[in-house]
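Please read them with the structure open.

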Amino acid sequence: MTSFETVAVVLGAVLMGGALLSGLAHRSFLSLTALFVIVGFVLGDGGLDVLQFDPGSGFVVILAEVALIVLLFRDGLEVESEMLQREWRLPLRKLVIGMPITAAIVAVSAKLLTDLSWTEAFLLGALLSPTDPVLSSAVVTNPRVPRVVRHSLNLESGLNDGLALPPVLALIAALSLTRPDFDVVTFVLQDVGLGLVFGIAMGFLASVLLPRGGGLTKGIPGHQKSLYALGVAFATYGVSVIEPHGNGFIAVYVAAIVLGIRRADIRGEFEHRSDDIVELVKLGIFVVFGSLLTFSGLFGDGWAAVAIVVVALLLARPIALAVALAGTRLSLPTKAFMAWFGPKGVATMTFSIIVLGEGLADGERIFNIAALVVFVSIIVHSTTDTAGVNWIARHDTKQREREEHAAPAEPAGRGPG
């Protein structure tokens with residue numbers, strides 16, 4: 001294992017380097033995410049061996065769990081503010097219809113191309129079903145992209161991490177060597193059921209524990225409300241895993257949704273101040289994830305792994321979205337834009353690290369295939385987001401011009417007299 005001193009030097013250097021290159025990244029196709037993963041790869045097992053992490057070690061497991069708690073809580077808080085907007089039908093279609101189809105296509109291809117079992121293949125499909133367009137920041141922040149597209153991609157990425165979580169955890173438990181007595185019914189009733197109960201209870205309790213005005217809350221600064229929200233996240237996880245335990249991650253996600261709905265003030269303060277925390281845990285995941293990669297591992301399944309990458313990025317999501325968005329009034333270019341910009345990101349990385357740390361029989365193979373998809377996705381999506389934004393902006397402008405020309409002219413006024 002790498003010493004703490006070495007980790008501190010690397011972390012400090014990466015933070016400083018990321019800050020220095022951030023301006024260049026905004027002006028070019030350079031992706032800091034890709035850079036951090038590459039730094040981890042160069043310094044890790046596949047490169048200079050400066051960073052050596054055991055995926056089952058306490059450090060890696062705790063890092064993955066902390067990252068998942070923070071990210072799921074942030075995503076859960078965002079649900080309410082986004083869902084109150086009008087354009088909720090498109091992301092709902094993509095989540096309810098498109099996401100399972102994506103997972104199924106990846107799973108079937110993995111089963112046909114490798115000797116993974118059906119359970120292992122569906123675990124890979126579940127790992128690769130979430131999207132993270134935040135990694136292509138120009139897509140979800142650039143006002144030239146039609147608002148309905150930005151909103152749809154943003155809400156989809158915020159919700160699909162939490163929706164992918166139960167099947168990922170269930171499939172891990174089904175394959176775990178330490179849980180040979182896994183039962184689906186017990187998992188649903190205990191892990192999912194109690195996770196929902198703990199999440200609702202903790203979210204409601206947290207919303208009333210901090211009064212809305214006067215008395216105790218008078219004069220509480222915004223950053224303390226933000227810390228209060230972060231405390232709710234970790235307290236919910238801790239309470240949920242105490243016997244009789246539910247699933248702490250599900251509880252955190254549900255608690256965030258409840259808290260966000262009931263307390264817009266707390267949600268707003270956390271969202272306003274959480275960027276640094278979220279970026280820090282993402283950075284840790286990116287570097288550790290990269291350090292666990294090796295060329296021999298990534299291509300251990302040879303051309304089959306490459307074929308799964310092609311299926312995941314070029315076939316699974318486009319087919320899934322074509323089905324999910326059938327019958328909508330969206331133009332074909334808009335559907336194509338949404339189909340392309342579904343990059344695999346931090347949720348898949350975090351889930352994959354957890355899989356690797358579970359000691360599953362084929363856990364390392366599943367991790368490496370998922371890692372190859374994520375790595376390629378980071379590169380190709382981050383280098384095409386600017387071109388994609390320009391393309392969809394031109395299409396949107398032309399479409400609005402056609403609609404204006406096609407609109408009937410206003411009748412001329414009769415004037416006075």
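1. Is the crossing of H16 and H17 left-handed or right-handed? In this predicted model, the two helices cross in a left-handed sense.

2. The pair consists of H16, residues 346-357, and H17, residues 363-382, packed at about 165 degrees with axes 9 Å apart. An angle over 145 degrees counts as roughly antiparallel, so H16 is roughly antiparallel to H17.

3. On the H16 side, the contact is formed by Thr348, Met349, Ser352, Ile353, Val355 and Leu356. H17 contributes Gly363, Glu364, Ile366, Phe367, Ala370, Val374 and Ile378. By class, the residues of this contact are nine nonpolar, three polar and one charged.

4. The unreviewed UniProt entry gives "transmembrane region" at residues 6-25, 57-74, 192-214, 277-297, 303-325, 337-357 and 369-393. Residues 277-297 are 86% helix and 0% strand, with the end C-alpha atoms 31 Å apart. For residues 337-357 the figures are 76% helix and 0% strand, and the end C-alpha atoms lie 35 Å apart.

5. Threonine 328 sits in the loop that runs between helix H14 (303-324) and helix H15 (332-340). Its side chain comes to 2.7 Å from the backbone oxygen of leucine 325. Leaving aside residues up to four places away in sequence, threonine 328 touches Leu90, Arg93 and Lys335.

Terms used: Residues are numbered from 1 along each chain as its sequence is written. This is a predicted model: local features need pLDDT of at least 70, side-chain atom pairs count only at pLDDT 80 or more; totals for chains, interfaces and linings use all residues. Side-chain values use heavy atoms; hydrogens and water are left out. Axes are lines fitted to C-alpha atoms, for helices over the stretch in contact, and angles run from 0 to 180 degrees between N-to-C directions. Helices (H or I, at least four residues) and strands (E, at least two) are DSSP runs, numbered from the N terminus. Angles under 35 degrees count as roughly parallel, over 145 as roughly antiparallel, 65 to 115 as roughly perpendicular and the rest as oblique. A crossing is left-handed if the near helix is turned anticlockwise from the far one by less than a right angle, and right-handed if clockwise. Contact means heavy atoms within 4.5 Å. Ala, Val, Leu, Ile, Met, Phe, Trp, Tyr, Cys and Pro count as nonpolar, Asp, Glu, Lys and Arg as charged, and the others, Gly among them, as polar. UniProt positions are given in the numbering used here, feature names are shortened, and annotations may be inferred rather than shown by experiment. A polar contact is a pair of N or O atoms within 3.5 Å; within protein, one must be able to donate a hydrogen and the other to accept it, and residues adjacent in sequence count only if both atoms are side-chain atoms.
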